[in-house]
Amino acid sequence: MEKMRTAVIGLGVMGRQHLRIYKEMEGVELVAVHDINESYARQVGEEYGVQAVSSAEQLFAMEELDAVSICTSDEHHYALAKLACKYGKHVLMEKPLATDIGQASDIVRMVRDSGIVMMVGHTLRWDPRYYRAYEAVRAGSIGAPLHLFARRLNSYANGKRIQGRTGVLMFLGVHDIDAIEWVTGDRIVEVYTVEVSNRLKEYGTSDASLSTLKFASGAVGLYECGWVLPDHYSEIDAKLDIVGTAGVVNVHVLDQNIKVHTDTREHYPDTAYGVELYGRISGIMREELASFAQAVRSGAKLPISVEEAYRAVYIADCMERSAREGKPVSIGSELP
Ligand SMILES: NC(=O)c1ccc[n+]([C@@H]2O[C@H](COP(=O)([O-])OP(=O)(O)OC[C@H]3O[C@@H](n4cnc5c(N)ncnc54)[C@H](O)[C@@H]3O)[C@@H](O)[C@H]2O)c1
């Protein structure tokens, strides 16, 4: 395929990133946009010089379209994945695959039956820090992993923005659950989760969760996930510390090796995720979209399979269940 002709559905924070990157990427042609907020979609369409289509089904039915980025809020992923499979359009799905385990398994089956390419945007797979950890651990540099600590904390502004539409483990936790299994090459076999709900109680969601992890190899881990960091703090505090029989690997994402002080705030500008350099976006998100375009255009292998994305949702769901029931939950290895 000479050019991948693509559209973006859901034109919020992530959708606008996808649009901008596609617009700048060689071998990709932006064809259309769609958002449930029609007037906003028209405005974005004009800005990018593409058609704003008023219904999702109409967009998926477009003959000239090869692929779609689905960037709506999490609870709409399922219905849109169904349309993509019905009309045979390849999909770059923002994480998580779905928020419900039944819906996630349905999507895996529909993707297999329809033969479309579906890649879920688990951004850590393109984060050079996590990629280096993956290389080091998989090359045996730290020996056999024995114990690990992972963390992902976001700002209260982010927790509040979601208003309880999804929980912290589905929104943030899926990133690290996937990264932990990918980097270690091990499988989580049991989780035991506790949660606290205080600042976000009014939205019926937890502020943070802590999970102990047991792995198939016998290794153990602890995972901390939350979204109530003070807003004047960094937007993200993430870690992956793995201790092995012959060494240690530490990924720490907080200080980006740059700090900016103003009269009212000190902060760490993003240096990895989506960085504008000389008028174009570089960084993790760009690499992610490039992998998808390569897979669609030339059949390159996806860095993450839809089954692996399913597993992240499945384990997050088991963690939520463990917190509700107050006991450990075993993790199976069966796939849909
Ligand atoms: N990869 C990452 O690191 C990362 C970071 C943040 C968010 N996300 C994911 O990206 C997705 C979008 O998040 P966001 O922060 O951009 O959200 P957002 O609220 O900023 O934007 C969502 C947009 O989708 C539109 N929308 C909602 N339902 C729709 C529907 N059924 N059809 C068409 N348009 C619809 C809304 O009007 C809005 O414009 C979510 O799934 C989220 O979990 C991923």
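**Backbone, domains and ligand shell**

Tutor: Let us start with glutamine 163, which is partly exposed because 13 other C-beta atoms lie within 10 Å. Please keep in mind throughout that this is a predicted model.

Student: Where is glutamine 163 in the chain?

Tutor: Glutamine 163 is placed in the loop between helix H7 (156–162) and H8, and its phi is positive, at about 50°, although the residue is not a glycine.

Student: Which other residue has a positive phi without being glycine?

Tutor: Tyrosine 278 is one, with phi near 50°, and this residue is found in the loop between strand E15 (275–277) and strand E16 (280–282).

Student: And is tyrosine 278 buried or exposed?

Tutor: Tyrosine 278 counts as exposed, because it has 5 C-beta neighbours inside 10 Å and the cut-off for exposed is 12 or fewer.

Student: While we are on the backbone, which residues does a cis peptide bond join?

Tutor: The cis bond lies between lysine 95 and proline 96, with omega at about -10°, and proline 96 has its place in the loop between strand E5 (90–94) and H5.

Student: Changing topic, how is the chain divided?

Tutor: There are two parts in the assignment, domain 1 (4–122 + 287–304) and domain 2 (125–278 + 311–330), and their centres, taken over C-alpha atoms, are separated by 26 Å. The contact takes 16 residues from domain 1 and 14 residues from domain 2.

Student: Which elements give two or more residues to the domain 1 side?

Tutor: Those are helix H5 (101–114) and helix H9 (284–298). By class, the side of domain 1 that touches domain 2 has 7 nonpolar, 4 polar and 5 charged residues.

Student: Now the ligand: how many residues surround it, and which are the closest?

Tutor: The ligand is surrounded by 22 residues, of which the closest are Gly10, Gly12, Val13, Met14 and Glu94. Sorted by class, this shell has 8 nonpolar, 10 polar and 4 charged residues.

Student: Which helix gives the most to that shell?

Tutor: H1 does, with 3 residues. Helix H1 covers residues 13–24, and its 12 residues reach 17 Å from the first C-alpha to the last, close to the 16 Å expected.

Student: Which residues of H1 are buried?

Tutor: In H1 the buried residues are Met14, Gly15, Gln17, His18, Leu19, Arg20, Ile21 and Tyr22.

Student: How do H6 and H8 pack?

Tutor: Helix H6 (residues 128–138) and helix H8 (residues 168–184) pack at an angle of about 35°, and their axes are 8 Å apart. From H6 the contact uses Tyr130, Ala133, Tyr134 and Val137, while H8 brings Ala179, Trp182, Val183 and Thr184. That contact has 7 nonpolar, 1 polar and no charged residues.

Student: Last one, where is serine 206, and what does it touch?

Tutor: Serine 206 is found in the loop between strand E8 (188–196) and strand E9 (208–215). Leaving out residues up to four places away in sequence, serine 206 touches Gly167, Val168, Glu195, Val196, Ser197 and Leu200.

Student: Why is serine 206 classed as buried?

Tutor: Serine 206 is buried because 26 other C-beta atoms lie within 10 Å, where 20 or more is the cut-off. Serine 206 and glycine 164 are 42 residues apart in sequence and 8.7 Å apart in space, C-alpha to C-alpha.

Note on methods
Residues numbered from 1 in each chain as written. Predicted model: local features only at pLDDT ≥ 70, side-chain atom pairs only at ≥ 80, totals over all residues. Helix = DSSP H or I, 4+ residues; strand = E, 2+ residues; numbered from the N terminus. Expected span 1.5 Å × (residues − 1). Near = placed C-beta within 6 Å. Nonpolar A, V, L, I, M, F, W, Y, C, P; charged D, E, K, R; others polar. Axes fitted to C-alpha atoms, helices over the stretch in contact; angles between N-to-C directions. Contact = placed C-beta atoms within 7 Å. Domains from an automatic or database assignment.
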